[in-house]
Amino acid sequence: MLLSPILDSPRAMNPYFDPEKSHHRKDGFQNNYNEFATKSLADVMQWRINAVRKNLPPPPAAPIPQHKADLDFLHRNSQAKTAMQPAVTWIGHATVLAQVGGLTLLTDPIFSERASPFARLGPKRHQPPGVAVGALPHVDLVLASHNHYDHLDEKSVVALNAQAAGPPLFVVPLGLKPWLADRGITHAIELDWWQSHRVSVATGDVEVMLVPAQHWSARGLNDRMNTLWGGFAVFAPDCHLFYAGDTGYSRDFTDMRERFASRQIAALGGGFDIALLPIGAYEPRWFMSSQHVNVQEAVKIHHDLGAKRSMGVHWGTFELTDEALDEPPRSLAAERQAKALSDDTFFVLAIGETRLIQPRAPG
Ligand code: ZN
Ligand code: ZN
């Protein structure tokens with residue numbers, strides 16, 4: 001997954017190409033501010049040789065906190081509809097079960113043993129999912145941010161599509177609908193950046209918007225940048241939720257705050273009630289900074305967005321990079337102290353733990 005950008009080969013035409021859009025290319029997609037550059041084989045070798053020499057990542061100093069999920073609450077809350085309490089539950093890595101606006105949604109579901117196309121190769125799960133896929137409440141929406149293996153897991157999406165009361169709606173960036181269709185998943189919507197899909201719920205419409213991220217895509221050896229990547233903004237009457245997907249630091253988050261300013265004024269309840277931001281997979285910086293933020297940059301995104309509170313995800317589950325699996329929350333605690341942020345303004349959960357989010361109210 002991390003090596004594929006070094007392999008260059010002739011690329012297919014982009015069937016979605018729109019010359020009016022600056023992130024569209026004839027052969028794929030690009031970032032708004034930092035053109036994604038292919039890593040040289042020498043760079044990849046330098047990273048890997050150094051990691052092996054220094055025995056990186058170091059083992060975690062302590063086990064990743066785990067919490068027995070409150071399945072009874074999650075199931076009751078999913079059926080509560082108009083009485084739903086906004087809540088987020090960490091399943092592991094970037095997979096979050098969010099309950100907002102009468103809907104139960106999952107971000108980037110991965111329940112598998114490996115984030116890899118291979119059964120016996122590739123990053124292995126260090127903790128079981130906080131809720132097993134078969135124990136989930138009914139999932140209404142799946143938000144998939146991009147096609148990397150730790151975010152779009154074939155077994156998990158196929159299992160969710162077969163859930164008892166009918167498939168969830170899969171919301172994906174441009175180019176991923178055919179991949180889903182090849183796996184029998186047809187209840188799906190494809191979005192470009194800034195495009196929305198509205199879901200009608202008894203409590204009022206919930207708007208799901210794909211937003212830019214500073215990242216890239218590839219699943220195989222010759223599909224680099226062919227499908228789009230992004231994050232999601234979910235605007236529900238009781239909660240504005242943001243999910244960044246995978247991203248490096250860029251001006252995109254300031255752009256979002258400006259774009260959403262009129263719907264997030266204090267009189268309408270203010271900024272995002274909860275932002276799910278990646279805080280892991282950042283070392284070494286010389287290699288990773290163009291695609292993954294570190295903790296300091298995640299805190300900058302929290303401020304750029306004007307989020308009321310943020311939760312750190314994309315850590316503690318798969319060893320993808322050179323920092324220890326348990327380093328991100330330690331680094332976050334230091335950054336909170338340095339920036340005088342309270343513990344619950346930018347928090348992490350134990351795997352399986354649920355946090356209630358105060359419902360949005362006009363200020
Ligand atoms: Zn990624
Ligand atoms: Zn990732």
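**Exercise 1: A residue at the surface**

Decide whether Leu41 is buried or exposed.

Solution. Leu41 has 52% relative accessibility, so Leu41 counts as exposed (buried means under 20% relative accessible area, exposed over 50%, partly exposed in between, with a 1.4 Å probe and protein chains only). Leu41 belongs to helix α1, residues 41-53 (helices are DSSP runs of H or I with at least four residues, strands runs of E with at least two, numbered from the N terminus).

Before going on, note that this is a predicted model, in which local features need pLDDT of at least 70, side-chain atom pairs count only at pLDDT 80 or more, and totals for chains, interfaces and linings use all residues. Residues are numbered from 1 along each chain as its sequence is written, chains are lettered from A and ligands numbered from 1 in the order in which they are written, and side-chain values use heavy atoms, without hydrogens and water.

**Exercise 2: A metal site**

Find which residues coordinate the zinc ion (ligand 1), and explain why the arrangement is irregular.

Solution. Step one: the donors are His146 (NE2), His148 (ND1), His215 (NE2) and Asp246 (OD), at 2.1 to 2.3 Å (donors are N, O and S atoms within 2.8 Å of the metal, or 3.2 Å for Na, K and Ca; water is not among the atoms, so sites may look incomplete).

Step two: the 4 donor atoms subtend angles of 92 to 165 degrees, which makes the arrangement irregular (four donors count as tetrahedral if all angles lie between 85 and 135 degrees; four count as square planar and six as octahedral if opposite donors are over 155 degrees apart and all others between 65 and 115; anything else is irregular).

**Exercise 3: A bridging residue**

Work out which residue bridges the zinc ion (ligand 1) and the zinc ion (ligand 2).

Solution. Asp246 does, and the two ions lie 3.8 Å apart. With a relative accessible area of 3%, Asp246 is buried.
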